[in-house]
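Please look over the sequence and the structure below. The report that follows takes up strands, a helix and a single residue in turn.

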Amino acid sequence: MEKIPILKMGEFLLVTIQVDMHDRLAMSLQDDLTRLISETEARGVLIDISSLEIVDSFIGRMFGNIAAMSRVLDAETVVVGMQPAVAITLVELGLSLSGVRSALNVDAGMELLRASVNGKGTHGRSLD
Amino acid sequence: MNTVSIDKRGHGLSSILTRKEQDILAEWIREMSESTRRGDLMGASEIKTQCSEFLHLMQQALIAAGSDFQAPAWDKAREMLDNISKSRALQGFSPSETAMFVFSAKRPLFNQIRSAFKDDPEALAAETWSATELLDAMGLYTTEVFQKTREHVIKRQQEELLELSTPVVKLWDGILALPIIGTLDSARTQVVMESLLQAIVQTNSRVAIIDITGVPTVDTVVAQHLLKTVTAARLMGADCIISGVRPQIAQTIVHLGINLLDVTTKATLAAAFKTALDRLGLNFVRDTKS
């Protein structure tokens with residue numbers, strides 16, 4: 001079964017979605033991601049969806065769920081590179097994804113993650 | 001029975017047309033120049049060519065299919081009427097002036113029918129009726145084509161207006177502005193949203209200012225469309241600021257109970273631009289040296 005790779009980059013996790021998402025893939029991504037966040041104690045998750053061209057309500061909700069789950073595990077989620085068509089589709093579906101932060105590209109997303117992690121204080125991670 | 005009589009009637013008309021073509025043509029042109037004096041738009045020789053060509057086509061069609069205007073034999077005549085109506089619609093003729101091309105043929109045609117059948121009242125009535133039917137059908141057809149041509153023109157203008165009215169301008173590196181002029185309906189919102197989002201991607205802009213100074217009224221539908229655009233831009237990672245909110249519009253928004261709390265709104269484009277610069281960490285400083 002195909003899998004979406006999750007890369008660890010410092011205290012952040014990097015997910016690049018480069019295939020069309022289907023429901024099973026989305027569920028397995030959700031499982032893997034939550035497991036990895038708790039294993040690596042990641043502080044932030046960056047999801048790059050710049051090559052994702054089709055979304056449905058399920059995938060849209062999944063982004064919201066991932067963001068909410070990550071927050072429970074104390075990690076910020078940033079979605080980057082959303083295509084205009086995808087954004088319009090999500091809005092038309094009534095999914096405003098209010099819990100998800102977004103950025104134009106990976107650079108801006110990383111900046112956002114760093115700023116939010118530093119802004120929240122280091123929570124005893126200064127020993128690292 | 002019915003078809004036979006139509007054939008016979010059509011045949012009568014066609015033989016009259018064949019025999020008296022020149023008379024009818026001359027009288028038709030005279031009639032037309034009396035009813036529609038549009039020498040400014042069309043020369044006399046052009047009208048004469050059109051008329052004689054059309055009479056010729058009519059005659060052929062009458063011989064082939066009688067006075068049934070929908071028959072395939074009338075295709076050529078219909079096509080010519082088509083072209084005449086279209087060109088007149090574009091030249092600025094009025095609908096009645098266009099239809100006059102056909103209707104002014106009535107009197108000369110009827111005159112000829114009357115003189116041909118003056119001994120046979122039964123045939124006279126039958127021929128007159130079939131000629132009337134035929135000319136009416138042709139007249140209606142010209143009007144229909146005229147209408148369609150005009151609608152086509154209007155539609156094209158609408159599309160041009162739609163494209164003209166949604167310019168996305170770059171104010172600064174990373175700051176876009178979208179001045180909206182006129183009422184926002186669903187079709188326009190779609191165009192506005194698409195062009196804004198496309199421009200955000202292309203210019204890599206982090207802040208977009210939607211200026212609604214030129215929007216006359218904001219009702220719940222317009223507000224919803226604005227919110228959709230703002231949400232879509234936010235999903236892509238760009239901040240949206242709505243500027244140019246006039247006092248009356250602010251009052252309307254509150255009275256309608258529209259929730260714009262999640263959106264930054266500013267009274268003027270200048271204020272929005274200042275906010276946008278702040279968000280990017282930019283600042284203007286007066287040059288004290290000069």
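## Terms and model

Two residues are in contact if their C-beta atoms, placed from the backbone, lie within 7 Å. Helices (H or I, at least four residues) and strands (E, at least two) are DSSP runs, numbered from the N terminus.

This is a predicted model: local features need pLDDT of at least 70, side-chain atom pairs count only at pLDDT 80 or more, and totals for chains, interfaces and linings use all residues. Residues are numbered from 1 along each chain as its sequence is written, while chains are lettered from A and ligands numbered from 1 in the order in which they are written.

## Helix α2 of chain A

Helix α2 of chain A covers residues 57–72.

The buried residues of α2(A) are A:I59, A:G60, A:F63, A:I66, A:A67 and A:S70. Buried means that 20 or more other C-beta atoms lie within 10 Å of the residue's own; exposed means 12 or fewer, and partly exposed is in between. Just after the helix, A:D74 has a positive phi of about 65 degrees.

## Strands of chain A

Strands β1 (residues 6–9) and β2 (residues 12–16) of chain A pair antiparallel over 4 bridges. Pairing requires at least two DSSP bridges between the strands. A:M9 is bridged to A:F12 in β2(A). The two strands form a hairpin with 2 residues between them, and A:G10 in the turn has a positive phi of about 60 degrees.

A:F12 also has a bridge partner in β3(A), namely A:G44. β2(A) and β3(A) run parallel, joined by 5 bridges. With α1(A), they make a right-handed β-α-β unit. Right-handed means that, with the strands pointing away from the viewer, the path from the first strand over the helix to the second runs clockwise.

## B:A131 in chain B

B:A131 lies in helix α7 (residues 121–164) of chain B. B:A131 counts as buried because it has 22 C-beta neighbours inside 10 Å. Not counting residues up to four places away in sequence, B:A131 touches B:L13, B:L109, B:F110 and B:I113. B:L109 is 22 residues from B:A131 along the chain, and their C-alpha atoms are separated by 8.0 Å.

Definitions and conventions:
The expected span of a helix is 1.5 Å times one less than its number of residues.
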